[in-house]
Amino acid sequence: MAFRRRNKSYPFFSQEFLIQNHADIVFSLVIFILIGLIANTLCGICPVYGEVTLYQYGWKDCATILFYFFITIILHAVVQEYVLDKVNRRLHLSKSKNNKFNESGQLCVFHLVSSVWSLYILITEGYLLHPSSLWENYPHVHLRFQVKFFYLTQLAYWLHALPELYFQKVRKEEIPRQLQYICLYLLHISAAYLLNLSRVGLVLLFLQYVSELGFHIARLFYFTDESHQKMFDLWAVSFVFTRMVTLTLMFLAVGFGLARAENQGLDWETGNFNTVLIRMTVLLLVCLTQSWLLWKFIRFQLRRWREFRHEQAARKKAAAKQPLRPLKRDSLGHHENGILKAENGASPRTKKLKAP
């Protein structure tokens, strides 16, 4: 299974060989793992820890996440090779735009799948019809298969994004920005999963993924044609709306819902983390993250507005400085418009134009 066209052959275990063939190497590793599962009937890789319908998190999740980590690397290479690279060849983008196009293309696929998947879980679990279920009967220790599987794949995807910075040869100036949102996703998803706030986390992830999906779709359209900028305005409205709904939901569920619950206190065995300190820490973390996102959003919009104003001013100056085109004469000395003549004397219309 070859994911990349190989124009050159590099020495084994060299850096270029690893980058060029990392998907094939991981695919081979997954095949060996699957063969081992079939031969030994192991269940440690799959999120089925017994013949039950409800599951808890445990140390075996690390092996599960590692397995899905390899799967996401393979899927990343498939999307890159068979979709994004073919589009890039037709667009002929610059190197910087090409990297951003690949980033938005990968995240579009992930956000689309994750938003649809999370919405399906919210509907089937009944969280949308009964919002109070987001904080009632806390702690939510026992999870259904689809909820647990969703969280494990989310952690696996954002973990796989770290080595992809190396495999995709991301520029050094872009690495800090991408590390910021990767670490933020890992922090929030892990906190929701480990603190048994999986129901609230599902709603917040759905809102976040829908908002980010709009941004990356707008950026893809912008790279294909720079005149497509109206979609950024639609995304701006959804971005602000998402921030407001996220803060409202967190204060409603954590600040008020869990604060009125009967089981107050810290209990590691039952998975109860409903204490004042933990609630305030979670609220502070979410508020700081949303404030930071809003601040970046405002700076981005102000920069766009300044660039638009400078572009408009430059166009006006260029139009004002543009000289008038002189009238051309033909071989007989006549002007192109046929009004003035260069023969003996001037036409009657010319005499009228002269000053008295």
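**Aromatic pairs and the nonpolar core**

Modeller: The structure holds 28 aromatic pairs, where rings of Phe, Tyr and Trp (its six-membered ring) pair if their centres lie within 6.5 Å, and planes under 30 degrees apart count as stacked, over 60 as edge-to-face and the rest as tilted. This is a predicted model, in which local features need pLDDT of at least 70 and side-chain atom pairs count only at pLDDT 80 or more, while totals for chains, interfaces and linings use all residues. Residues are numbered from 1 along each chain as its sequence is written, and side-chain values use heavy atoms, leaving out hydrogens and water.

Colleague: How is the geometry of the pair Tyr-55 and Phe-145 described?

Modeller: A pair of aromatic rings is described by the distance of the centres and the angle of the planes. For Tyr-55 and Phe-145 the centres are 6.4 Å apart and the planes stand at 65°, so the pair is edge-to-face. Tyr-55 belongs to strand β1 (residues 54–55) and Phe-145 to helix α4, so the pair ties together parts 90 residues apart in sequence. Helices (H or I, at least four residues) and strands (E, at least two) are DSSP runs, numbered from the N terminus.

Colleague: Is Tyr-55 buried or exposed?

Modeller: Buried means under 20% relative accessible area, exposed over 50%, and partly exposed in between (1.4 Å probe, protein chains only). Tyr-55, at 8% relative accessibility, counts as buried, whereas Phe-145, at 37%, counts as partly exposed.

Colleague: Which arrangement do the rings of Phe-145 and Phe-149 adopt?

Modeller: Their centres are 5.6 Å apart and their planes at 10°, so the pair is stacked. Phe-145 and Phe-149 are four residues apart in helix α4, which means a separation of about one helical turn. Both take part in a cluster linked by ring pairs, which also includes Tyr-68 and Trp-117.

Colleague: What does Thr-153 touch?

Modeller: Contact means heavy atoms within 4.5 Å. Not counting residues up to four places away in sequence, Thr-153 touches Tyr-68 and Trp-117. Thr-153 is found in helix α4 (residues 145–167) and counts as buried at 15% relative accessibility.

Colleague: Which element gives the most to the largest nonpolar core?

Modeller: A nonpolar core is a set of buried Ala, Val, Leu, Ile, Met, Phe, Trp, Tyr and Cys residues joined through side-chain atoms within 4.5 Å. The largest has 47 residues, and Tyr-151 and Trp-158 are among those touching the most other members. Helix α4 gives the most to this core, with nine residues.
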